[in-house]
Amino acid sequence: MNGLTVLKAMNGIDDRFIAEAVPEKKKGKLLVLAKAAAAVAACICLVAGGVYAYNSFQNSQLPLLSIEEIDFGGMGFEGSDSLTLEHSDDISPWNEQIKIDKLPVYKNLLYRYEGQEKSYFSEDDLLKVAQEYSELLGEEIISYEKFTDDFNERIVRNVIAQTQNHQVSVGGDGGMSIVFKNAEGLTDLSAVKAKYPFLFNENDVLGKYQEFSVDGEPLGSYYKKYEKGETVEQSVVNYTLKKMRFTHSENGEIRSVNINTQQRFSKKLGDYPVISFDEAKEKLLDGRYVSSVDEVSYISSGRVEERLIKKVDIIYYTGNNQQLFMPYYRFYIWLDLLPFERTGLPEDYEHYGFFYVPAVPEEYFVNYELFDGEFQ
Amino acid sequence: MTDGEIVRLFWKRNEAALEHTRTKYGSYCRSIAFGILRNGEDAEECVNDSLLNAWNSIPPSKPQNLRTYMGKLVRNASINRFEHYSAQKRGGTQTELAISELENLLSDNGDALATFESEAITRCINTMLQNSSKEKRTVFVRRYWYLDSIADIAKAYSLSESKVTSILFRMRKELKEELEKEGVNL
């Protein structure tokens, strides 16, 4: 009976292979319950595609949340593969010594419910934003183009408006950008500030970053900024949802700014309690996270370990595939197996993968039990 | 409670370790045992046996991943029980089907081979899995470690059953070649 011999020998295979193939039977069963709960929630709240319900049976009036699959999109994985942490300015408003009790969660009004025929915001809505920024730039829109969803022409993904000296692009995911067609003299941020004061605030927090290609070639630098809030909590929100990124072109001019405008397209559901950093770390080490990183391929032990944690911040995961904008602890995990050549890179350059742990406690989710690291 | 904290309880000989392990990984272990034995009562007994084995083996063991550690214990206990019962019991279970699929990988040299070469076979399986893509690897492990049906695997990964069958066929072929290369099958 040598088949049984092989079957028995299978018992000794590497833990990593067993862990990555954990069946999701429990998930499937609970998924039905979660979907049912979400369906009930949708009925109660009369919200199409609703993912939360008013938790009337608990003391809190906060709507229950649903953990969503993060669609990282594209190939590869998400992480800090262009920056050396030691070589970047850390502008995160939060660190492990700061205790945060509550943070807001938002409903993304731009979310396109699967099967739904139109996005929440129309071409006119997006054009209105482009118009607003054109006015701030002191120019008029000369022409514009709209780009529709690959599968549904009625969904406008992007509007790109041309003015005399600028190109204003407004995306269906709440992101927008302004391209400076005439960037002469815009060699540093102070020059940009002098020309475009409406983009800046007194309390801006600024970081400058250096990008590298995968094989170590310096690609240029960019600035990132957000407005410091009156509280740490507000700063954490602004850190993601009101972020701007100014990018240098190859000739050293700052040619464009990317602006996160998600808060314009979202509705606050409430202020939710936040788990502590230690609790988040415990969940991370327990495999309860979301990540696009293949641990087996890029981490020598096949799993996230405490020694691999290099940095943590709190961010809001955004994108128009997210029904909710909610806070996550984002762990920068050293990928000690990444098989990239390091020619030309700084000696201490390392690649980091992003691993996310929801900052809101489990009891505020209808489906937290599903969240076992198997969403990737 | 993290795996590390539970393992520490084992090391302190604190029986709460058993309860925490059951709470955290009981259903996982039960599903493995049930997949092999297709009998709830037997599966529960195997879970209990594996908890006892964990108590007896930690320390000296210090598992880094308690889930897979418990999974291995309960799988081992379940296969032993299956072997014990197989003479007089059931036909057509996933375990028997999986065994029949793996039947021609080794020449039939009897139990001596099984004992002598077990570790070498495991090494070959690990090598073969390491050299496979994640998709293929998980399909293989789901079939021959978790003893899931081909239909369930197809559903889980949105593949057709024929695709799963094809993946398994090719991987068994690769494993056979690896076994031959290492002289295990000679």
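This is a predicted model: local features need pLDDT of at least 70, side-chain atom pairs count only at pLDDT 80 or more; totals for chains, interfaces and linings use all residues.
Residues are numbered from 1 along each chain as its sequence is written, and chains are lettered from A in the order in which they are written. Local features need pLDDT of at least 70, side-chain atom pairs count only at pLDDT 80 or more, and totals for chains, interfaces and linings use all residues, while side-chain values use heavy atoms, with hydrogens and water left out.

**Stop 1: both chains**

Select chain A and chain B together. The contact between them (heavy atoms within 4.5 Å) takes 32 residues from chain A and 49 residues from chain B. About 3800 Å² is buried between the two chains, 58% of it on carbon and sulfur atoms; buried area is the accessible area (1.4 Å probe) that two parts lose on being put together, summed over both.

Now pick A:Asn2, A:Leu7 and A:Asn11. These residues supply 17% of the area that chain A buries against chain B, more than any other three residues.

**Stop 2: a salt bridge**

Select A:Glu20 and B:Arg137. They form a salt bridge, the closest N and O atoms being 2.5 Å apart. The term means a side-chain nitrogen of Lys or Arg within 4 Å of a carboxyl oxygen of Asp or Glu. Between chain A and chain B the count is four salt bridges.

**Stop 3: two helices of chain B**

Select residues 134-144 and 161-181 of chain B, which are helices α7 and α9. Helices are DSSP runs (H or I, at least four residues), numbered from the N terminus. The two pack at an angle of about 90°, with their axes 10 Å apart; axes are lines fitted to C-alpha atoms over the stretch in contact, and angles run from 0 to 180 degrees between N-to-C directions. α7(B) and α9(B) are therefore roughly perpendicular to each other, a label for angles of 65 to 115 degrees.

Show the side chains where the helices meet. Among them are B:Phe140 and B:Tyr144 in α7(B), and B:Leu168 and B:Met171 in α9(B).

**Stop 4: the loops of chain B**

Most residues other than glycine have a negative phi, and most peptide bonds are trans. Go to B:Arg13, in the loop between α1 (3-11) and α2 (16-37) of chain B. B:Arg13 has a positive phi of about 60° although it is not a glycine.

Finish at B:Pro59, in the loop between α3 (40-57) and α4 (66-86) of chain B. The peptide bond from B:Ile58 to B:Pro59 is cis, with omega near -15°. A cis peptide bond also joins B:Pro59 and B:Pro60, where omega is about 15°.

Definitions and conventions. Angles under 35 degrees count as roughly parallel, over 145 as roughly antiparallel, 65 to 115 as roughly perpendicular and the rest as oblique.
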